[in-house]
Amino acid sequence: MKAIFVESKNGYLAKDAEDDMSWTPSLDKKIFKLLTYAYGGVCVVSPHTYQLLPKKMLHEGDREFIIAEKCGPRSLYNLNKLYPNAVLIGGPRFLRAAYDAKVIDTFIVTTTENTIRNNSRYENPFIDELLNLEVRCTIKFDTMTIRVYKNEYRF
């Protein structure tokens, strides 16, 4: 599965639990849309994030949004078997759970030029892991930089 997310310049994924992501550049949202379609249109989301997604996003085009569950047929492990190219959408805790379930094969991280108020609950949960992965691609824009990492779990 693909962990595609945006972080602030100071390493945070959100301002708070109800963040509408208005601090992210509009280009980031367009690239996210492009990537979700390019990877097949299946998006696996946390229950909380699903409630925050714009209704327009949920009902446009051919994207399918599947709410992950802690266990059972909609667990991250089982969804990864069915949809290995799905895009994961959620906050740090959800993304960390996906990493711990060993389902993330690719990280696509957008870093904006914006800083947001620090709240440790929303800090990028992969700071240490990404330091140990090779950046496969870097694309710089005026207001953001996108980096792609292939993830290899170390046993």
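Asn80 is found in helix H4, where helices (H or I, at least four residues) and strands (E, at least two) are DSSP runs numbered from the N terminus. The model is a predicted one, in which local features need pLDDT of at least 70 and side-chain atom pairs count only at pLDDT 80 or more, while totals for chains, interfaces and linings use all residues. Residues are numbered from 1 along each chain as its sequence is written, and side-chain values use heavy atoms, with hydrogens and water left out.

Leaving aside residues up to four places away in sequence, Asn80 touches Met1 and Val103, contact meaning heavy atoms within 4.5 Å. The C-alpha atoms of Asn80 and Ala38, which are 42 residues apart along the chain, are separated by 17 Å.

Seven strands form an open sheet with mixed pairing, in the order E3-E2-E4-E1-E5-E7-E6; two strands pair if DSSP finds at least two bridges between them. Its edge strands, each pairing on one side only, are E3 (64-67) and E6 (135-140). Within the sheet, strand E1 (residues 2-7) runs parallel to strand E4 (residues 87-89) and is joined to E4 by two bridges, and Lys2 has Val87 of E4 as its bridge partner. Helix H5 (residues 92-100) lies across E1, E2 (42-45), E4 and E5 (106-112), running at about 140° to E4; here axes are lines fitted to C-alpha atoms, for helices over the stretch in contact, and angles run from 0 to 180 degrees between N-to-C directions.

Turning to the aromatic residues, ring pairs link Phe5, Tyr99, Phe107 and Phe126 into a cluster, where rings of Phe, Tyr and Trp (its six-membered ring) pair if their centres lie within 6.5 Å.

What is the volume of the largest pocket? The volume of the largest pocket is about 1,400 Å³, a pocket being, on a 1 Å grid over the protein atoms alone, an open set of points where a 1.4 Å probe fits, with protein on both sides within 12 Å along at least five of seven lines, and lining residues having an atom within 4 Å of a point. Of its 48 lining residues, Thr49, Leu53, Ile89, Gly90 and Gly91 are the closest to its centre. Helix H1 gives the most to this lining, with six residues.

Key. Phe/Tyr/Trp six-rings, centres within 6.5 Å; stacked < 30°, edge-to-face > 60°. Points joined across faces, edges and corners; volume = space filled by probe spheres on them.
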